[in-house]
Amino acid sequence: MRYDYDKLKDFAAQVMVKAGLERDEAEIFAENLLYADSRGMGSHGISRLINYSRRVQCGVITPGVNAEIVSQAPSCLVIDGHNGIGAKIARQAMDMCIERARETGCCAATVRNGNHFGAGAFYTKYAAEQGMIAFMVSNSEAAVAPIGGAKAMLGTNPLGVAVPAGRGEPFDLDMATSVVARGKVVLAQKEGRPIPQGWAVDKYGADTTDPGAVLDGGCMLPFGGAKGYAISLFIDLMCSCLGGALNCRTTPHFWTDYEHPQNVGYFLVVIDPDKFLPREQFLERVDDMLDEFRACPPAPGVERVYIPGEIEAAKRAVSLEKGIELSDAVANELRSVGESYGVDFIRPL
Ligand SMILES: NC(=O)c1ccc[n+]([C@@H]2O[C@H](COP(=O)([O-])OP(=O)(O)OC[C@H]3O[C@@H](n4cnc5c(N)ncnc54)[C@H](O)[C@@H]3O)[C@@H](O)[C@H]2O)c1
C-alpha cells in the first residue's frame with residue numbers, strides 16, 4: 001500500500017525525537033530515510049527505523065552534535081563527526097566540502113566518528129544539484145568476503161558519484177560494493193521473500209537464496225568479482241587508514257551491537273567544474289554524452305538504456321505524486337515501533 005510522503009516523514013521524525021534526537025536532526029534523518037524509499041531503495045528507508053531509533057535510545061548515537069573541522073589545508077578537511085546521526089553529519093561534511101571546493105576548485109575530506117549514513121546519493125546527488133561533481137564513500141561492518149577468502153572482512157562499503165547535467169537528471173551512481181546492499185537481504189527476510197542467486201553465500205560458503213542463511217553467519221559477495229573487492233578495500237583504506245575511523249573488521253555491527261558507537265569513516269571529494277571549463281560548455285558536453293547513451297540501441301528484450309540514477313529519479317517522481325509504497329510487513333513493524341514510542345502510525349492513502 002502507499003503512504004503519504006510528508007506524513008510518513010513526520011512519523012519517522014516524531015519517533016526519533018522520542019528516541020532522543022533533536023528536532024532538526026530528526027527531520028534531516030527522516031528526510032534521508034524517505035529519500036531512499038522514494039527512489040525504490042527500501043533497504044535504506046523507513047524499514048530501518050526500528051534499528052536507528054534503538055541505536056539512539058541506547059546511546060550508541062549521540063544527539064545534538066555537529067561535524068567539526070579538526071584540521072585542514074586549503075583543499076583538505078579532516079572532520080570529526082562526534083558520533084552524530086549519519087544523515088546530519090554526512091550532509092554537514094558535504095556542505096563544508098562544497099563551500100571549500102567553490103573557493104579552491106576541489107576539496108577532499110575525511111570524516112571519523114561517523115555512523116551509517118544511509119543512501120549515498122543523499123549527499124552526492126545533493127552536491128550535483130548545486131552544480132558540483134561529488135564522490136563519497138563510507139566503510140561499514142564486515143559482511144563481504146574478499147575474493148578467495150572464507151570470512152567476511154569488508155563492509156558493503158557504499159560508493160556514490162554524481163556529475164551535474166544541464167538537461168535532465170545528473171549522472172548519479174549510488175551503489176554498494178557488494179552485488180547489492182545487505183539491507184536488501186534484511187528486507188527480504190522481513191517480507192518473507194527469497195533472494196536471487198548470486199547475491200550471497202551461507203556460512204559454509206554455498207550459494208543460497210535464503211536470506212536467513214545469509215544473515216546467520218553468511219557473506220554478501222563483492223560486485224564485479226576481484227575488482228569489486230579491490231574497490232571495497234580501497235574504500236576501507238581511505239576511511240580508516242587515512243581518515244582515522246575504525247576499519248570494517250573492527251567497527252561494531254549496525255544490526256546487532258547496541259553498546260558501542262560504530263565510528264565508521266567517510267571519504268569525500270568535491271570538484272567545482274567551473275574551475276575547469278566554462279559552465280555552459282561543460283553542461284552541454286555532459287548532456288550530449290548522456291544523450292548518446294540514452295540513444296544506444298537496446299539489446300533484445302530491453303526497453304532502453306538508462307543513465308545511472310535515472311531509474312531511481314523516475315521512481316522518486318512517482319513516489320512524490322502517489323505516495324511511498326510499503327509492504328504490510330514493514331507497515332506492521334512501523335506500527336509497533338510507533339506504539340513503543342507513543343506515536344500513532346499513519347493510515348495508507
Ligand atoms: N551506508 C551504508 O553503509 C551503505 C552500504 C551499502 C549500500 N548502501 C546504499 O544502498 C543503496 C542500494 O545500493 P545497491 O548497490 O543495492 O543499489 P542498486 O544495485 O539498485 O543500484 C546501484 C546503481 O546502479 C544503477 N543502475 C541499476 N540499474 C541500472 C540500469 N539498468 N541502468 C543504469 N544504471 C543502473 C543505479 O542507478 C545505482 O546508481 C544505495 O543507496 C547505497 O548508497 C549504503
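**Helix packing and domains**

Modeller: Happy to. Let's begin with H3 and H11, where Leu49, Ile50 and Ser53 of H3 meet Glu333, Leu334, Val337 and Tyr341 of H11. By class, that contact has five nonpolar residues, one polar and one charged. Bear in mind that this is a predicted model.

Colleague: Noted. At what angle do the axes of H3 and H11 cross?

Modeller: They cross at roughly 25°, and the axes come within 10 Å.

Colleague: Parallel or antiparallel, then, for H3 and H11?

Modeller: Roughly parallel, because angles under 35 degrees count that way.

Colleague: Let's switch to H1 and H2. How far apart are their axes?

Modeller: The axes of H1, residues 5–19, and H2 are 8 Å apart, and the angle is about 135°. That angle makes H1 oblique to H2. Their crossing is right-handed.

Colleague: Which residues in H1 and H2 meet?

Modeller: From H1 there are Tyr5, Leu8, Lys9, Ala12, Ala13, Met16 and Val17. On the H2 side they meet Arg23, Ala26, Glu27, Phe29, Ala30, Glu31, Leu33, Leu34 and Ser38. The contact of H1 with H2 divides into 11 nonpolar residues, one polar and four charged.

Colleague: And H4 with H5, how do their axes cross?

Modeller: Helix H4 covers residues 86–104 and helix H5 covers 121–129; their axes cross at roughly 30° and come within 10 Å. H4 and H5 are therefore roughly parallel to each other. H4 passes H5 in a right-handed crossing.

Colleague: What meets what in H4 and H5?

Modeller: Ala87, Ala90, Arg91, Met94 and Ile98 in H4 meet Phe122, Tyr123, Tyr126 and Ala127 in H5. Sorted by class, the contact of H4 with H5 has eight nonpolar residues, no polar ones and one charged.

Colleague: Changing topic: which stretches make up the domains?

Modeller: According to the domain assignment, domain 1 is 2–57 + 309–341, while domain 2 is 68–178 + 222–275. Taken over C-alpha atoms, the centres of domain 1 and domain 2 are 22 Å apart.

Colleague: How many residues of each domain are in contact with the other?

Modeller: There are 16 residues of domain 1 in contact with 18 residues of domain 2. On the side of domain 1 that touches domain 2, H2 (23–38), H3 (49–57) and H10 (310–322) each supply at least two residues.

Colleague: Which element has the largest share of that side of domain 1?

Modeller: That's H2, with seven residues. The side of domain 1 that touches domain 2 divides into eight nonpolar residues, four polar and four charged.

Colleague: Now the ligand. Which residues come nearest to the ligand?

Modeller: Ala119, Gly120, Met175, Ala176 and Ala181 come nearest, out of 26 residues around the ligand.

Colleague: And what gives the most to the shell around the ligand?

Modeller: Strand E7 does, with three residues. E7 spans 171–175, and both E7 and H10 supply at least two residues of the shell each.

Colleague: What about the classes in the shell around the ligand?

Modeller: The shell has 13 nonpolar, 10 polar and three charged residues.

Colleague: Last one: which domains does the shell around the ligand draw on?

Modeller: Domain 1 and domain 2, with at least three residues from each. H10, then, turns up on the side of domain 1 that touches domain 2, and H10 also supplies residues of the shell around the ligand.

Notes. Residues are numbered from 1 along each chain as its sequence is written. This is a predicted model: local features need pLDDT of at least 70, side-chain atom pairs count only at pLDDT 80 or more; totals for chains, interfaces and linings use all residues. Domain bounds come from an automatic or database domain assignment. Two residues are in contact if their C-beta atoms, placed from the backbone, lie within 7 Å. Helices (H or I, at least four residues) and strands (E, at least two) are DSSP runs, numbered from the N terminus. Ala, Val, Leu, Ile, Met, Phe, Trp, Tyr, Cys and Pro count as nonpolar, Asp, Glu, Lys and Arg as charged, and the others, Gly among them, as polar. Axes are lines fitted to C-alpha atoms, for helices over the stretch in contact, and angles run from 0 to 180 degrees between N-to-C directions. Angles under 35 degrees count as roughly parallel, over 145 as roughly antiparallel, 65 to 115 as roughly perpendicular and the rest as oblique. A crossing is left-handed if the near helix is turned anticlockwise from the far one by less than a right angle, and right-handed if clockwise. A residue is near a molecule or strand if its C-beta atom, placed from the backbone, lies within 6 Å of it.
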